[in-house]
Amino acid sequence: MTTTSPLRAPDVFMWQAIELASRNPTRPFAAVIVDKTTELTVATGLNRVNEHPLWHAEIDAINHLNTGGNYDPRSLTLFSTAEPCPMCFSAILWSGIQSVVFGTDIERLVELGWRQIEVTSDELLSRSPEFNCHIAGGVLREECDQLFAAGPDTTA
């Protein structure tokens with residue numbers, strides 16, 4: 001996994017995801033999609049599994065992207081407070097987004113008590129040779145880890 005980002009100021013967009021996640025403290029998964037050409041945010045998403053089990057933050061952001069304009073997916077970067085799960089990473093690949101930046105990785109989420117399918121984005125990408133995607137993990141990891149530190153709220 002690389003640690004560089006395709007954008008000049010990746011921390012700005014990760015901070016945006018962290019701010020968004022803070023609005024959802026029981027499920028602080030948030031995603032921000034940025035157009036690398038303009039460096040503008042074009043879609044955001046929050047974890048809304050209380051409404052539907054498939055509405056993870058990345059899926060929510062991709063859905064908002066598809067209703068908000070006509071973008072070349074190759075020019076997009078998706079920022080997420082946590083490493084996308086296998087379902088979300090697959091959706092990212094199928095949507096054509098070719099850059100993903102995340103804070104907390106799946107291994108750390110499991111350590112903090114969050115239920116996860118323990119398959120990393122790198123592993124999924126390695127088994128998807130027909131897709132191109134740049135993955136950068138650990139961006140503002142400590143700040144993202146803090147979002148998840150209390151563990152999941154099992155009453156929510």
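The model is predicted: local features need pLDDT of at least 70, side-chain atom pairs count only at pLDDT 80 or more, and totals for chains, interfaces and linings use all residues. Residues are numbered from 1 along each chain as its sequence is written, and side-chain values use heavy atoms, leaving out hydrogens and water.

I start with helix α1, residues 10-21. Helices here are DSSP runs of H or I, at least four residues, and strands are runs of E, at least two, numbered from the N terminus. The buried residues of α1 are P10, F13, M14, A17, I18, L20 and A21; buried means under 20% relative accessible area, exposed over 50%, and partly exposed in between, with a 1.4 Å probe and protein chains only. Seen down the axis, these residues fall within an arc of 160 degrees, so they line one face of α1. The arc is taken from the directions from the helix axis to the C-beta atoms.

Next, the salt bridges. The whole structure has 8, each being a side-chain nitrogen of Lys or Arg within 4 Å of a carboxyl oxygen of Asp or Glu.

R141 pairs with D105, the closest N and O atoms being 3.4 Å apart. D105 lies in the loop between β4 and α4 and R141 in helix α6, so this pair ties together parts 36 residues apart in sequence. R141 also pairs with D145, at 3.2 Å between the closest N and O atoms. R141 counts as partly exposed because its relative accessibility is 31%, whereas D145 is buried at 11%.

Which residues does the network link? D105, R108, E111, R141 and D145.

Methods: The expected span of a helix is 1.5 Å times one less than its number of residues.
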